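Visitor: I have a structure open and would like to go through it piece by piece. Can you take my questions as they come?
Guide: Go ahead.

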Amino acid sequence: MAFNPFEMAQKQFDSVAEKLGLSESIRELLRVPMREFTVSLPIRMDDGSMKVFRGYRVQHNDGRGPCKGGIRFAPGETLDTVRALATWMTWKCAVVDIPLGGGKGGIDCDTHTLSMTEQERLCRAWVRALSSEVGPVQDVPAPDMNTRGYHMIWMLDEYEAIHHGKFPGFITGKPVGSGGSLGRTEATGYGVICTLKEACKKLGIDITKTTASIQGFGNVAYYACERYLKLGGKIICVSCWDNTDKCSYTFKREAGVDIVELKRISNEHGEIDKVQAKALGYEILPGEAWIEQKVDILIPAALENQINATNVNKIADTVKIIAEGANGPTTPEADEVIKARNIYLIPDFLCNAGGVTCSYFEQVQCNMNYFWPKDEVLDKLDQKMASAYEKVHEMAVDKKVYMRDAAYMIAIDRVANACVARGWAMK
Ligand code: NAD
């Protein structure tokens with residue numbers, strides 16, 4: 001049966017709703033998104049032909065503030081994937097305690113096959129189709145898989161043309177100098193490592209003596225690697241997609257991976273050139289090899305459903321921590337095994353919340369029209385991430401629950417309280 005991320009998000013919610021003893025009316029409200037939009041986007045292609053793309057925006061819950069969440073360009077994107085990601089955004093904003101709700105968007109497309117002008121038309125068409133449903137006080141998009149600052153600025157430009165004004169708070173992840181915040185590019189990856197550093201402290205692990213295996217080499221993975229290396233860790237391998245061979249590969253070097261040299265031989269999609277990597281002394285292993293390395297730390301930072309019932313038992317017995325950089329990388333079946341093996345897990349919506357936290361800082365700066373220096377942004381980010389981590393860890397210890405459940409308990413409780421206060425549900 002095909003993996004359905006929304007069913008997984010609901011399964012996770014149901015189990016925590018049970019633990020928290022939530023009322024039926026809260027469960028009914030939070031199990032499903034409040035609003036969902038599916039739109040057709042007819043685009044004129046560069047060769048003069050027309051093509052229709054499917055676009056989505058899902059607003060899961062805005063009880064704590066305007067919805068917030070990225071827009072992904074992903075081949076085979078489905079409404080259920082977007083629903084799941086929107087749901088996780090609600091919990092993510094709540095767990096780091098920023099006054100925002102959860103939303104997500106997507107377009108079913110493959111950026112490998114689209115020119116920049118076609119991508120620009122697609123961005124503008126998505127905004128035109130949804131221009132009255134999204135906005136600075138309703139729902140604020142951001143970059144995600146395969147979308148970058150230049151996509152955000154095209155979307156902002158279209159939104160401002162429609163609404164006749166300047167609305168820099170409409171979208172985040174904008175380029176610096178065009179309403180973007182310093183530190184936003186690095187924020188998700190750096191946030192992952194902030195939580196990992198705190199976890200190492202709690203577990204009495206000296207991070208400088210640790211090794212890690214990373215899945216992915218895109219935005220999240222790259223900056224997670226950068227921060228982790230700066231703290232003294234050693235990366236044994238990274239993995240990424242290879243669009244020529246239509247499969248993924250793991251790039252391993254036992255002596256340690258040099259991310260700067262790998263970046264030099266990778267493209268804008270985070271895909272490393274395997275011929276050049278081999279020449280630099282990397283072993284090129286199958287894509288799944290990242291999970292079976294004898295390391296202390298695993299960081300899945302590519303996509304969902306990567307640690308599942310079929311491969312969870314391949315995790316080496318040296319692994320002490322899994323820090324989930326990607327959204328939804330671990331299935332509930334794999335969670336059971338990780339729990340039983342006592343591997344410490346930093347759950348996705350806490351671990352990768354640095355991006356949305358910095359997006360929130362970007363909105364704040366845009367609203368003030370005053371921008372902070374990079375150090376100030378990154379300091380504030382560290383404080384937010386460390387304090388969110390601390391609360392989740394404490395809850396996990398106090399209630400003797402799995403870290404994912406602890407994070408859910410904090411987040412769902414906050415969202416439920418906000419909804420009850422508004423009269424949307426009964427306690
Ligand atoms: P990206 O497009 O920049 O990079 C994705 C990376 O994953 C690329 O290196 C790609 O080659 C690799 N990849 C794709 N398929 C693979 C496979 N089958 N095996 C191994 N590697 C594969 O994306 P990103 O922004 O780094 O996002 C990665 C994950 O993090 C996604 O789950 C995303 O939803 C999540 N996330 C991103 C942000 C953000 O700020 N960018 C924030 C929170 C969560």
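Visitor: Which residue in E4 stands opposite arginine 72?
Guide: Glycine 106 is opposite arginine 72. This is a predicted model, where local features need pLDDT of at least 70, side-chain atom pairs count only at pLDDT 80 or more, and totals for chains, interfaces and linings use all residues. Residues are numbered from 1 along each chain as its sequence is written, and side-chain values use heavy atoms, with hydrogens and water left out.

Visitor: How many bridges are there between E3 and E4?
Guide: Six bridges, in the parallel sense, pair E3 with E4, residues 101-108. Two strands pair if DSSP finds at least two bridges between them. Strands (E, at least two residues) and helices (H or I, at least four) are DSSP runs, numbered from the N terminus.

Visitor: What unit do E3, H3 and E4 make?
Guide: A right-handed β-α-β unit, with H3 spanning residues 79-95. Right-handed means that, with the strands pointing away from the viewer, the path from the first strand over the helix to the second runs clockwise.

Visitor: And what about E3 and E5?
Guide: E3 and E5 (residues 139-143) run parallel, joined by five bridges. Isoleucine 71 has proline 143 in E5 as its bridge partner.

Visitor: Why is E3 described as largely enclosed?
Guide: Eight of the eight residues of E3, residues 67-74, are buried, so the rest of the structure largely encloses the strand. Buried means under 20% relative accessible area, exposed over 50%, and partly exposed in between, using a 1.4 Å probe and protein chains only.

Visitor: How many bridges join E6 to E7, and how many to E10?
Guide: E6 pairs with E7 over five bridges, in the parallel sense. Four bridges join E6 to E10, also running parallel. Threonine 211 is opposite lysine 234 in E7, and glutamine 215 is opposite proline 300 in E10.

Visitor: Changing topic. Where does glutamine 293 lie?
Guide: Glutamine 293 sits in the loop between E9 (283-286) and E10 (297-300).

Visitor: Buried or exposed?
Guide: Glutamine 293 counts as buried because its relative accessibility is 6%.

Visitor: What does glutamine 293 touch?
Guide: Leaving out residues up to four places away in sequence, its contacts include Ser213, Lys252, Leu285 and Thr318. Contact means heavy atoms within 4.5 Å. The side chains of glutamine 293 and lysine 252 also make a polar contact, at 2.8 Å. A polar contact is a pair of N or O atoms within 3.5 Å; within protein, one must be able to donate a hydrogen and the other to accept it, and residues adjacent in sequence count only if both atoms are side-chain atoms.

Visitor: Now the ligand. Which residues come nearest?
Guide: Thr188, Phe217, Val220, Gly270 and Asn327 come nearest, of the 27 residues around the ligand. A residue is near a molecule or strand if one of its heavy atoms lies within 4 Å of it.

Visitor: How far is the side chain of threonine 188 from the ligand?
Guide: An N or O atom in the side chain of threonine 188 is 2.7 Å from an oxygen atom of the ligand. For valine 220, a backbone N or O atom lies 2.9 Å from a ligand oxygen. For glycine 218, a backbone N or O atom lies 3.1 Å from an oxygen atom of the ligand.

Visitor: Last topic: how many residues has the largest nonpolar core?
Guide: The largest nonpolar core has 90 residues, and Leu30, Trp91, Leu196 and Val238 have the most contacts inside it. H14, residues 403-421, gives the most to this core, with eleven residues. A nonpolar core is a set of buried Ala, Val, Leu, Ile, Met, Phe, Trp, Tyr and Cys residues joined through side-chain atoms within 4.5 Å.
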